[in-house]
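Please keep the sequence and the model in view while reading.

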Amino acid sequence: MKRAGTPERPGGWRGSAAQIAVGRASIMRWNSIRHLQPRCGAARKRDGEPCQNLAMGNGRCRCHGGRTPKGDGYHLPVWPDGKAPGAMTKLNKKLNALDRAAAKRAKRIAAFTPEQRQRYDAWRRTHKPGPAAVRDRAKAERQQAASVRKMLSESRPETAPSDEQAELERLLADRKAELARAIAKKQTNDPGAFG
Ligand SMILES: [Zn+2]
């Protein structure tokens, strides 16, 4: 059996001095900059300190949401490519993993305190999965509703009814009384079906 790194043929690239030099250079370069790479700041389970794994593009490591897609795929499952070899196996593994994650989440939610549950529900309301445009629209609507509520609560005048309003109400009461009298009169005058 051929070991990894064995040259394919004499004078080939694989295992050559040139390939080893390239590999060594990239490893040394990585070792010189890896301490400068951004680290994940999520609270780790062990002691609540920052996780410190290498962060991905969104500032979290692969265990703490770094692999969660952003944009249109935000928090949606990433399905395997149907044309890939072993796509069916991958799909089944994915479905099982989603089931396991859902069961684990349900267990965690069941153990929440009422405050934790409230916070979680609020987070779920503002962090819906799916396309960015839809989420942006929902966010804009939430903000508009909040600003309208704020405006209404601030600008409600607590003034006494004006003279004009009092006059209108008096007229309305008169009309109602008149109507009630007319109805009563009609009922007493009405001979009815057997009159
Ligand atoms: Zn992390």
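Predicted model: local features only at pLDDT ≥ 70, side-chain atom pairs only at ≥ 80, totals over all residues.

## A salt bridge to begin with

Which kind of interaction joins the side chains of Arg170 and Glu167? The two side chains meet in a salt bridge, with a distance of 3.1 Å from N to O.

## Overall organisation

The secondary structure of the chain consists of five helices and zero strands. Read along the sequence, the pattern is therefore written α-α-α-α-α.

The chain has 195 residues, and buried residues make up 7% of them. Its accessible surface comes to about 17000 Å². Carbon and sulfur atoms account for 57% of that surface. Among the contacts in the chain with a separation of 6 or more, 19% are between residues 24 or more positions apart.

## The zinc site

Which residues coordinate the zinc ion? The donor atoms are SG of Cys40, SG of Cys51, SG of Cys61 and ND1 of His64, at 2.0 to 2.4 Å. Along the chain, these donors follow the spacing C-x10-C-x9-C-x2-H. Cys40 and Cys61 are 21 residues apart, and the pair links distant parts of the chain. Each of these two cysteines is in the loop between α1 (17–33) and α2 (87–110).

The angles among the four donor atoms are 106 to 114 degrees, and the site is tetrahedral. Four donors count as tetrahedral if all angles lie between 85 and 135 degrees, which is why this range qualifies. For comparison, the ideal angle for four tetrahedral donors is 109.5 degrees.

Are Cys40 and Cys61 buried or exposed? Cys40 is buried, with a relative accessible area of 1%, and Cys61 is also buried, at 0% relative accessibility. Both values fall under 20%, the limit for a buried residue.

Gln52 is found in the loop between α1 and α2, where it is partly exposed, with a relative accessible area of 42%.

His75 also has a positive phi, of about 60 degrees, and is not a glycine. His75 is placed in the loop between α1 and α2, and its relative accessible area of 41% makes it partly exposed. These values deserve attention because most residues other than glycine have a negative phi.

Trp79, Leu95 and Leu98 make a nonpolar surface patch of about 270 Å². One of these residues, Leu98, lies in helix α2. Leu98 is partly exposed, with a relative accessible area of 33%.

Helix α3 covers residues 114–126 and includes Tyr120. Tyr120 is buried, with a relative accessible area of 17%. Which residues does Tyr120 contact when its neighbours within four places in sequence are left aside? They are Arg105, Ile109 and Phe112. Ile109 is eleven residues from Tyr120 along the chain, and the C-alpha atoms of the two are separated by 8.5 Å.

Helix α3 also holds Arg117 and Asp121, four residues apart, about one turn of the helix. Their side chains meet in a salt bridge, at 3.2 Å from N to O. Arg117 is partly exposed, at 38% relative accessibility, and Asp121 is partly exposed as well, at 28%.

How many salt bridges does the structure hold? The total is six. One of them is formed by the side chains of Arg175 and Glu178, at 3.6 Å from N to O. Arg175 and Glu178 are separated by about one helical turn because they are three residues apart in helix α5. Glu178 is partly exposed, at 43% relative accessibility.

Salt bridges that share partners also join Glu167, Arg170 and Asp174 into one network.

How values were computed. Residues numbered from 1 in each chain as written. Heavy atoms only, no water. Donors = N, O, S within 2.8 Å, 3.2 Å for Na, K, Ca; no water. Tetrahedral: all angles 85-135°; square planar, octahedral: opposite > 155°, others 65-115°. Buried < 20%, exposed > 50% of the residue type's maximum accessible area, 1.4 Å probe, protein only. Patch = residues over 30% accessible without salt bridge, like charges linked within 9 Å, V, L, I, M, F, W, Y side chains within 5 Å. Areas by Shrake-Rupley, 256 points an atom, 1.4 Å probe, with all protein chains shown as cover. Salt bridge = Lys/Arg side-chain N within 4 Å of Asp/Glu carboxyl O. Contact = heavy atoms within 4.5 Å.
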